[in-house]
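User: I'd like to learn how to read a protein model. Could you walk me through this one?

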Amino acid sequence: MGLGSPLGFAPGTVAMWAALVFGVLCALTYWRAMRVAAATAGGPALLPFEEIPSSSPLLLARRLYYAFTFSVVLASVLLMGRLLSHDFRLSYVSSYSGRDLPYYYLFSTFWAGQEGSFLLWLFFGSLIGLFVLRSAKEQEPPVMIVYVASFIGIVAILVKQSPFRFLGQIPPDGQGLNPLLQDPWMVIHPPVMFSGFASLSVPFAFAIAALWMKRWDGWVVRAMPWALFTFVTLGTAILMGGYWAYKTLGWGGYWAWDPVENTSLVPWLATVALVHGMFLQKAREKHRKINIILAILAFCCILYGTFLTRSGVLADFSVHSFIDLGITGWLVAIIVVFLVGGLGLLAFRWKEIPVVSDLDAAGKEKEEPFLSRSVLFILSVTLFSASGLVILLGTSAPILTRIGGKASQVSTSFYNVTHAPIAALMAFLVALVPFLSWRGETLAVVAKKAFVAAAIGLMGGGVAFAAGVHSVRDLAILSFAVFGMAANAQTVALFVRRKAVSTVGGYLAHVGVSIMLVGILVSGVYETKQQINLPKGQPTQVGRHTMTFTKVVFVNEKGDVKQPEELNMLDLNDRRAKQAMEVEVASPSGKVWKAYPKMYMNQRTQQMMANPDVRSTPLMDLYVSPQSYDPGQPARVEGSTIALKKGESKSADGIKIKFLDFSADRSAINDATRPHVTVTANFLVTTAEAAEEKTAKFVMYFGATDGGQATEAPDTPLPGKGRMRIKRVSPNEGTCELELMGVAAGGDLKPATAETLSIDVTTKPLISLVWGGFYVMMLGGLVALLRRAKDSRQAAVA
C-alpha cells in the first residue's frame with residue numbers, strides 16, 4: 001500500500017467495509033427469517049440455538065451478526081495495534097498519540113478523537129448484540145433487525161471518515177494526547193460511557209419491535225435489564241466525568257452544565273423515566289404508549305447529543321465540542337430516520353395499542369387513588385421527563401436563538417433555577433415511595449406509616465437551620481431528602497431482615513438519591529471561595545487555614561515530590577513530572593500538610609495547564625486551585641536597570657535622572673595588594689519638589705587576588721524615595737547602567753516583584769455525600785438489574 005493512498009491502512013479499511021456489508025446482510029437475513037417463519041408457522045417462532053436446521057435463514061442471520069461483530073472487533077484491534085506501534089502514517093495516530101505516552105495513556109488515545117470514539121461505541125454495540133441475540137429469545141428477529149440498523153449509520157460514518165487514513169508526510173512523532181486527558185479517570189470513563197450509549201439501543205430495538213409485531217407487554221420483560229444496564233453504566237460514566245472535572249480542571253466544581261455533560265445527562269434522565277415506566281407497565285399493564293415513546297426518545301437523545309457535540313454547531317459555546325469533520329449531514333440523516341421512523345410507526349399503531357382500564361361494578365372506569373404507587377410512578381416519569389426537556393432546551397439554545405438572528409446560550413443559573421423545584425419534588429416523591437401501595441392508601445394511613453421517617457426529616461431540617469441554612473427552599477429540600485433517606489433505608493433494612501435482598505434495588509437507589517441531593521445542595525450553595533496571593537515564605541490567613549507558599553517543585557507520575565536536580569530523565573515517571581507549587585497548609589487544630597497544585601507548560605501546544613490539589617475529609621473538601629505564578633526577580637535585582645549615555649536622561653516613577661559626567665581614578669591600578677580603578681559619576685536627579693546632583697562610585701578590581709575582575713558599587717540614596725547603584729560603566733563609550741531600587745514601574749523601568757503564587761481556595765462542605773450517594777444509587781441499580789435479568793431468563797415467552 002503506497003503512502004497517501006485513499007484506501008489508507010488496508011486491513012483496517014477492509015474490516016470497516018466488511019462490517020458495513022455484514023451488518024446490512026444480517027438485517028436482511030433476519031427479515032427473511034421472519035418471512036419464512038411467518039409462512040411456515042404463522043408467526044416469527046424462534047427455535048433454540050441447538051435445534052436450528054443448517055438451512056435456516058435464522059442460523060445464517062446469526063452467523064452474519066457474528067461476522068459483523070468480528071469485523072468491528074478486528075478493526076478495533078487493528079487501530080489499537082497502530083496506536084501502540086506508533087504508526088504515524090495514520091492521520092488518527094499522528095493526531096492523538098505520541099512516543100512519550102506510557103502504555104495506559106497510549107491505550108486511551110484510541111477514543112481521544114471522533115473516529116476512535118465512534119469505533120468504541122460500535123465496538124461495545126457489537127459485543128452487547130451478542131447478548132441481545134440470545135436474550136431476546138422469541139423476539140430475536142425483529143429486535144435484531146432494529147438493533148443492527150441502529151449501528152449501520154455509525155459504520156457508514158466510519159467508512160466515510162475512516163480512522164485508517166494515511167498522511168501524505170510521515171511525522172517523526174505524533175501531536176500527543178491532550179494533557180487534561182492524561183488522567184486515570186479518562187482511561188476508564190469513555191469505555192463505560194460508550195457501553196451505556198450502546199446499550200440504549202436495546203430498549204429502542206425492543207420498543208420498535210413491539211410496535212412492529214404488536215407485542216405490547218412482553219418486550220418490557222426482555223428490555224428492562226438493558227434499561228437498568230444503561231442506568232448503571234451511563235450513570236457511572238457521568239459520575240466519573242464529574243469527578244475528573246472536579247479534580248483536574250480546577251474550576252472548583254464537578255458539573256458546569258456544559259453541552260457535552262448535558263448530552264450524557266439527558267439520555268440518562270430519559271432512561272430513569274423509562275425504567276420507572278417499565279415498572280409501572282409490568283405491575284399494572286398500563287401506560288404502554290408512554291414507555292414506547294420514552295424508549296424512542298431516550299435513544300434519539302443519544303443521537304441528538306452526538307449531533308450537538310460532534311457537528312461543530314456548538315463550537316463557539318463549548319470547549320468540549322468537536323470540530324466538524326464533514327459528518328453533520330450524516331448525523332442529521334440518522335436522527336431523522338430513527339426519530340421520524342420510530343414516532344411514525346407509533347402514530348401508525350396508535351389506535352391498535354390496547355388501553356386497559358379498571359372498571360367498577362357499574363362499568364365505569366376506576367380512578368387511580370392519588371396516594372398510590374401508580375400516581376407516584378406517573379409523577380416520577382413526568383418529573384424526569386421535564387428535567388430532561390428543560391436541559392435539552394437549554395443546551396439547544398444556541399441553535400434555537402440562531403433562528404432569530406443571533407446565537408446565544410443560557411447561563412448556568414437557568415439550570416439551577418429551573419431544577420430547584422424539580423429537586424424538591426423529587427425528594428418528596430422518593431420519601432413517599434415506601435408508604436404507598438398499588439391499590440392506594442388514605443392520608444391517615446400514610447401519615448401513620450411515615451411518622452418516624454418524617455420526624456427524622458424534620459430533625460434534619462432543624463440541624464440544617466442551626467448550621468446556618470435559613471433559605472425556606474433549601475430547608476424544604478434538605479428535610480425531604482433526609483425524610484426520604486430514612487424512609488427508604490428503613491425499608492431496605494426490613495427486606496434484608498426478611499432475606500429478600502434481591503428486592504431492595506429500587507429502595508437502595510432512592511437512599512442514594514436522597515444522600516446525593518443533600519450533598520449537591522450543601523456543597524453547591526454553601527461553598528466558600530476566596531482568591532488570594534501568597535508571596536513566597538509569608539504565612540497568609542485563608543479562611544480558617546494558614547497557608548504558606550514555600551517553593552516550586554516537581555511531582556512525577558507516581559506522585560513523588562522532587563527537586564529539579566533530583567529528576568531522573570531516564571525514568572519515564574520522572575520525565576513526565578509536572579511543575580507544582582508547594583503550599584504548606586496549617587489547620588485551626590495545628591495540623592500541617594502540604595498541597596501541590598500543579599502549573600506546567602504543555603510543551604507541544606505551549607499552553608499553560610493547571611491542576612488543583614484537593615484535600616478531602618468526610619465533612620469538607622479544601623480545594624486549592626492555582627491561578628497564576630509570578631517568579632519575581634532575583635534578590636540582587638530588586639530594582640530595575642536603565643542605560644544612560646553621557647548627557648542623556650530617563651524618568652521612572654516621577655524621578656528624572658540625567659547622566660552628567662564621570663571621572664576615573666587610576667592611581668591604584670598598580671596597587672600590589674589589590675589593584676583597582678575607581679569611577680565617579682555625577683547625575684542630576686530631578687523630582688517634583690527639587691533638583692539635586694548626586695554622585696555614585698563604581699570600583700573595578702583586577703588581579704589574581706580576587707580570582708579575576710570584581711566590582712563594588714555602594715548605594716546612593718535618591719531624593720524622596722529609593723536608591724540607585726552603578727551596575728556597569730564603560731569609560732571608553734561614555735555610558736553606564738544604573739540599577740534603581742524602591743521605585744515603581746514607569747518609563748522603561750520595571751518594579752521589583754516578590755515570588756508570588758495566586759490561588760483560589762474553595763471549601764466544599766459535605767461534597768463526599770455526592771460521591772457516596774451516587775455509589776449507593778448505582779449499587780441499587782445493579783441489584784435491580786440482576787433481579788430483572790433473572791426474571792427475563794426465567795420467562796419462557798414474554
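## Reading the model

Analyst: Happy to. The protein chain has 21 helices and 20 strands; helices (H or I, at least four residues) and strands (E, at least two) are DSSP runs, numbered from the N terminus. This is a predicted model, where local features need pLDDT of at least 70 and side-chain atom pairs count only at pLDDT 80 or more, while totals for chains, interfaces and linings use all residues. Residues are numbered from 1 along each chain as its sequence is written, and side-chain values use heavy atoms, with hydrogens and water left out.

User: What share of the 798 residues is buried?

Analyst: Buried means under 20% relative accessible area, exposed means over 50%, and partly exposed is in between (1.4 Å probe, protein chains only). In the protein chain, buried residues make up 52% of the 798.

User: Which residues form a nonpolar patch on the surface?

Analyst: Patches are made of residues with over 30% relative accessible area and no salt bridge; like charges are joined within 9 Å, nonpolar side chains (Val, Leu, Ile, Met, Phe, Trp, Tyr) within 5 Å. Here Val21, Val24, Leu25 and Leu28 form one, with about 320 Å² of accessible area together. Val21 is found in helix H1 (residues 10-41). With a relative accessible area of 44%, Val21 is partly exposed. For contrast, look at Cys26, which is buried at 0%.

User: How many disulfides does a search of the whole structure find?

Analyst: A disulfide is a pair of cysteine sulfur atoms within 2.5 Å. The search turns up 0 of them. Another cysteine to look at is Cys736, which counts as buried at 3% relative accessibility.

User: And how many salt bridges are there?

Analyst: A salt bridge is a side-chain nitrogen of Lys or Arg within 4 Å of a carboxyl oxygen of Asp or Glu. By that rule the count is 25. Take Glu352 and Lys214, whose closest N and O atoms are 2.8 Å apart. This pair links distant parts of the chain, 138 residues apart: Glu352 is in the loop between helix H12 (328-349) and helix H13 (373-395), and Lys214 is in the loop between helix H8 (201-213) and helix H9 (218-248). Glu352 is partly exposed at 35% relative accessibility, and Lys214 is partly exposed at 41%.

User: Are Arg725 and Glu739, which form a salt bridge, buried or exposed?

Analyst: Arg725 is buried at 10% relative accessibility, and Glu739 is buried at 5%. Their closest N and O atoms are 3.6 Å apart. Arg725 sits in strand E18 (residues 723-730) and Glu739 in strand E19 (residues 735-741). Asp715 and Arg723 join these two in a network of salt bridges.

User: Which residues does Thr735 touch?

Analyst: Contact means heavy atoms within 4.5 Å. Thr735, in strand E19, touches Leu644, Lys645, Phe659, Val729 and Ser730, not counting residues up to four places away in sequence. Thr735 and Ala643 are 92 residues apart in sequence, yet their C-alpha atoms are 7.3 Å apart. Across the protein chain, among contacts between residues at least 6 apart in sequence, 70% join residues at least 24 apart.

User: Where does Val501 lie?

Analyst: Look in the loop between helix H18 (472-497) and helix H19 (505-525). Val501 is partly exposed, with a relative accessible area of 45%. Leaving aside neighbours within four places in sequence, Val501 is in contact with Phe495 and Val783. The C-alpha atoms of Val501 and Arg728 are separated by 85 Å, with the two residues 227 apart along the chain.

Conventions. Accessible areas come from the Shrake-Rupley method with a 1.4 Å probe; for residues, only the protein chains shown count as cover.
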